[in-house]
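Hi,

Here is the structure I promised to pass on. Have a look at it first, and my notes follow below.

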Amino acid sequence: MLRAQGRDALAEAVVTVRALHAEVPVVTELLDGMPSAVLCQKADRARMVVVGSRRLTRPEELFSAGSVAVPVSARADCPVVVVREPEHVGERHPHLVVGVDGSESSRAAVEFAVEETALHGAALRAVWVWRLPVVSFGDEAAGLGERRRILSETVAGWAEKYPDVKITRDVVRGHPVEELALASADALLVVVGRHGRGGYSGMKLGSVVHGLLHRAECPVITVPESRHG
């Protein structure tokens, strides 16, 4: 029964792909195993993994065998696209958003985001979200200037490599999940980096990425710190 349902689902997927892009070759596989574990194995030889999301609750993510989006995003060796809401393809000014925080993982995210932006013929908005401290003792102007400097340096080389891609840079104050979710409202995609590798449950994915997978209004791409080409 389950295998028959699987074959039907694969056949339907082939029809959908051919209706959208008839020139794209399609290969199907019906495999046994835990979905997230099997997909992570396949990610070793993939440029990208794409999954849907039902936005399970945290208990459901921990205990459900059907939990896929979070554990695959946490463990795959290639970028993972999580789709719940479609791309906003009707936007007059199509653009992607990439979250930047100065880390190596966000640099990998910027690299991927620029390449993906060029493929979409869109613009790229690089966003550094500066968390609001409970109590601030530092020089806010200096802190803002330092973040703007690092943000500019992070995207500078890619702006030169892809001169046709328009890149804007913004430093905003607030909570990263809330601000990036807000930015996703009119974006084609949101791209974020991933530090290291989480456990099977994906609970080590990181609060920002995990929260964004639940809140974003467009597809989210999670990029591992070191990805293969």
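**Around valine 110**

Setting aside its neighbours within four places in sequence, valine 110 is in contact with Val98, Val100, Thr154, Val155 and Trp158. Please keep in mind as you read that this is a predicted model.

Valine 110 itself sits in helix α5, which covers residues 104-120. Is this residue buried or exposed? Its relative accessibility is 0%, so valine 110 counts as buried. One of its contacts, Thr154, is 44 residues away along the chain, yet the C-alpha atoms of valine 110 and threonine 154 are separated by 7.7 Å.

**The second largest pocket**

Helix α5 turns up again here: α5, β4 (123-130), α7 (176-183), β6 (190-194) and α8 (207-215) each contribute at least two residues to the lining of the second largest pocket. The space in this pocket comes to about 330 Å³. It is lined by 21 residues, and those closest to its centre are Val100, Asp101, Pro176, Leu180 and Val208.

**Helix α2**

One more spot to look at is helix α2, residues 35-43, where Ser36, Val38, Cys40 and Ala43 are buried. Which elements do the buried residues of α2 pack against? Their partners are β1 (49-52) and α4 (69-75).

Happy browsing, and do write back with any thoughts!

Best wishes

Note on methods. Residues are numbered from 1 along each chain as its sequence is written. This is a predicted model: local features need pLDDT of at least 70, side-chain atom pairs count only at pLDDT 80 or more; totals for chains, interfaces and linings use all residues. Side-chain values use heavy atoms; hydrogens and water are left out. Buried means under 20% relative accessible area, exposed over 50%, partly exposed in between (1.4 Å probe, protein chains only). Helices (H or I, at least four residues) and strands (E, at least two) are DSSP runs, numbered from the N terminus. Contact means heavy atoms within 4.5 Å. On a 1 Å grid over the protein atoms alone, a cavity is a set of points where a 1.4 Å probe fits but cannot get out, and a pocket is an open set with protein on both sides within 12 Å along at least five of seven lines; lining residues have an atom within 4 Å of a point. Grid points are joined across faces, edges and corners, and a volume is the space filled by probe spheres set on the points.
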